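Look first at the sequence and the model shown here.

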Amino acid sequence: MAEMGSKGVTAGKIASNVQKKLTRAQEKVLQKLGKADETKDEQFEQCVQNFNKQLTEGTRLQKDLRTYLASVKAMHEASKKLNECLQEVYEPDWPGRDEANKIAENNDLLWLDYHQKLVDQALLTMDTYLGQFPDIKSRIAKRGRKLVDYDSARHHYESLQTAKKKDEAKIAKAEEELIKAQKVFEEMNVDLQEELPSLWNSRVGFYVNTFQSIAGLEENFHKEMSKLNESLNDVLVSLEKQHGSNTFTVKAQPRKKTKLLSRLLRKKNSDNAPAKGNKSPSPPPDGSPAATPEIRVNHEPEPPSSATTGATLPKSPSQPAEASEVAGGTQPAAGAQEPGETAASEAASSSLPAVVVETFSATVNGTVEGGSGAGRLDLPPGFMFKVQAQHDYVATDTDELQLKAGDVVLVIPFQNPEEQDEGWLMGVKESDWNQHKELEKCRGVFPENFTERVQ
């Protein structure tokens with residue numbers, strides 16, 4: 001009998017719950033259709049919106065904190081593997097082996113301690129903070145259901161009162177159910193109206209404490225890790241002093257094959273073609289005073305010799321007094337042409353060697369064209385700056401410079417900027433330039449990290 005009674009009570013509760021769900025569903029449909037009014041509480045609805053936002057932010061923070069802890073653990077494992085590698089390569093007869101092993105052990109303990117403190121002071125606090133949200137969320141949902149029950153009881157009571165044929169017994173029972181539904185709803189509503197604003201305001205203190213804990217733990221961790229790194233550095237310095245003769249060879253940055261092939265093809269084509277601007281002037285006719293001229297470039301004027309009588313290069317008004325003089329050749333006057341015009345350059349190139357013509361055309365009007373040092377005899381055209389080789393470099397291709405430590409290189413731009421590889425420069429060794437004065441034979445590429453800028 002007890003078992004049947006228990007089953008009967010259970011069945012009765014199930015039937016009651018089903019009836020409540022049907023009544024609530026009917027009431028919600030009437031409210032959506034506008035046939036029944038709905039009790040509104042804008043202040044509570046704002047509290048619910050804040051609650052949902054706070055829950056979303058807290059869930060995200062918890063997720064990101066777990067990701068951070070996973071990253072700390074992964075970094076710990078990577079650091080541990082790195083220290084194990086150092087212990088394996090550290091030979092027994094090297095000084096500081098015991099110290100290096102001790103540092104590795106302390107490093108491992110420091111990572112473990114940091115991870116554990118993050119769990120205790122940040123993650124567990126985060127879990128406790130979020131643990132209160134499910135219960136409140138459930139109560140908010142229940143409060144919503146009780147509000148529907150209250151509206152339904154109110155509408156039922158009002159319909160009985162406005163009916164043409166009144167039944168006082170039904171009205172009294174409906175009034176009793178209305179008072180009961182209102183009381184249940186108001187009790188839950190009052191509690192949530194107090195808790196939700198308090199929970200919303202608590203978020204500030206929680207965020208502050210959480211991030212302060214993380215920042216403090218991370219600061220202390222890095223301080224202790226810095227001490228261990230300094231100790232390890234001291235051990236390695238001692239090892240270097242004992243084995244200082246075995247220096248590490250600096251290697252050049254690898255060049256891209258596609259650009260290297262393009263450069264080689266261009267260089268081959270330029271070698272087969274006649275050199276631009278290097279054509280020798282046609283020899284003067286026999287018997288001319290300039291048949292076998294002696295060419296000199298002077299910085300100070302010299303009186304003409306009695307043995308070799310020739311004409312000097314015409315000077316422009318803006319040309320310096322120490323302009324170059326050429327003995328043994330004849331030069332027609334420039335006439336009324338202004339200095340720097342094309343006619344002057346063509347007149348000079350018809351009877352003078354290229355090096356003199358280049359000097360004359362570059363110094364006309366006192367200007368230098370083609371970049372820094374482009375028109376100076378002591379620097380190659382387009383000269384940008386000087387570098388000095390800090391290490392020996394063995395050329396691995398025909399278009400590369402062979403460098404010895406101490407060599408000075410004059411850096412010039414690439415003819416085609418697209419051919420320049422990252423970490424490589426174009427230049428000519430100063431010694432080669434002073435000897436040959438020919439870029440096509442002397443210039444080449446070299447790794448920038450083997451040199452240091454000096455000018």
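Asn107 is buried, because its relative accessible area is 8%; buried means under 20% relative accessible area, exposed over 50%, and partly exposed in between, with a 1.4 Å probe and protein chains only. Asn107 lies in helix 3 (residues 97-131). Helices (H or I, at least four residues) and strands (E, at least two) are DSSP runs, numbered from the N terminus. Beyond its neighbours within four places in sequence, Asn107 is in contact with Ser79, Asn83, Met225 and Leu228, where contact means heavy atoms within 4.5 Å.

The model is predicted: local features need pLDDT of at least 70, side-chain atom pairs count only at pLDDT 80 or more, and totals for chains, interfaces and linings use all residues. Residues are numbered from 1 along each chain as its sequence is written, and side-chain values use heavy atoms, with hydrogens and water left out.

**The whole protein**

The protein has 10 helices and five strands. Of its 455 residues, 31% count as buried. Among contacts between residues at least 6 apart in sequence, 68% join residues at least 24 apart. The accessible surface comes to about 29,800 Å², and 54% of that surface belongs to carbon and sulfur atoms. Accessible areas come from the Shrake-Rupley method with a 1.4 Å probe; for residues, only the protein chains shown count as cover.

In what order do the five strands lie in the open sheet? The order is 4-3-2-1-5, and the pairing is antiparallel. The edges are strand 4 (444-447) and strand 5 (451-453), each of which pairs on one side only. From one strand to the next, the twist averages 50°; the axes behind this angle are lines fitted to C-alpha atoms, for helices over the stretch in contact, and angles run from 0 to 180 degrees between N-to-C directions. Two strands pair if DSSP finds at least two bridges between them. Strands of a sheet pair through backbone hydrogen bonds, either parallel or antiparallel.

Strand 1 (residues 385-389) pairs with strand 5 in the antiparallel sense over three bridges. Across that pairing, Gln388 stands opposite Glu452 in strand 5. Strand 1 also runs antiparallel to strand 2, to which four bridges join it, and here Val387 has Val409 in strand 2 as its bridge partner.

Strand 2 (residues 408-412) is largely enclosed by the rest of the structure, because four of its five residues are buried. Four bridges pair strand 2 with strand 3 (residues 424-429) in the antiparallel sense. One of the facing pairs sets Ile412 opposite Met426 in strand 3.

**Charged pairs**

How many salt bridges does a search of the whole structure find? The search finds 13. A salt bridge is a side-chain nitrogen of Lys or Arg within 4 Å of a carboxyl oxygen of Asp or Glu. Side chains of opposite charge can pair when their charged atoms come close. The table gives some of these pairs.

| Salt bridge | Closest N to O distance |
|---|---|
| Arg154 and Glu158 | 3.8 Å |
| Glu219 and Lys223 | 3.6 Å |

Arg154 and Glu158 are four residues apart in helix 4 (residues 133-161), so about one helical turn separates them. Arg154 is buried, at 13% relative accessible area, whereas Glu158 is partly exposed, at 35%.

Glu219 and Lys223 are likewise separated by about one helical turn, being four residues apart in helix 5 (residues 168-242). Glu219 is partly exposed at 46% relative accessibility, and Lys223 is partly exposed at 47%.

In the remaining pair of the table, Glu440 is partly exposed with a relative accessible area of 38%, while Arg443 counts as buried at 18%. Elsewhere, Asp135, Arg139 and Glu195 are linked in a network of salt bridges.

**Lys441 and the cysteines**

Lys441 is found in helix 10 (residues 439-442). With a relative accessible area of 68%, Lys441 is exposed. Lys441 and Asp399 are 42 residues apart in sequence, and their C-alpha atoms are 9.9 Å apart in space.

A search of the whole structure finds zero disulfides, a disulfide being a pair of cysteine sulfur atoms within 2.5 Å. Cys47 counts as buried at 11% relative accessibility, and Cys85 counts as partly exposed at 40%.
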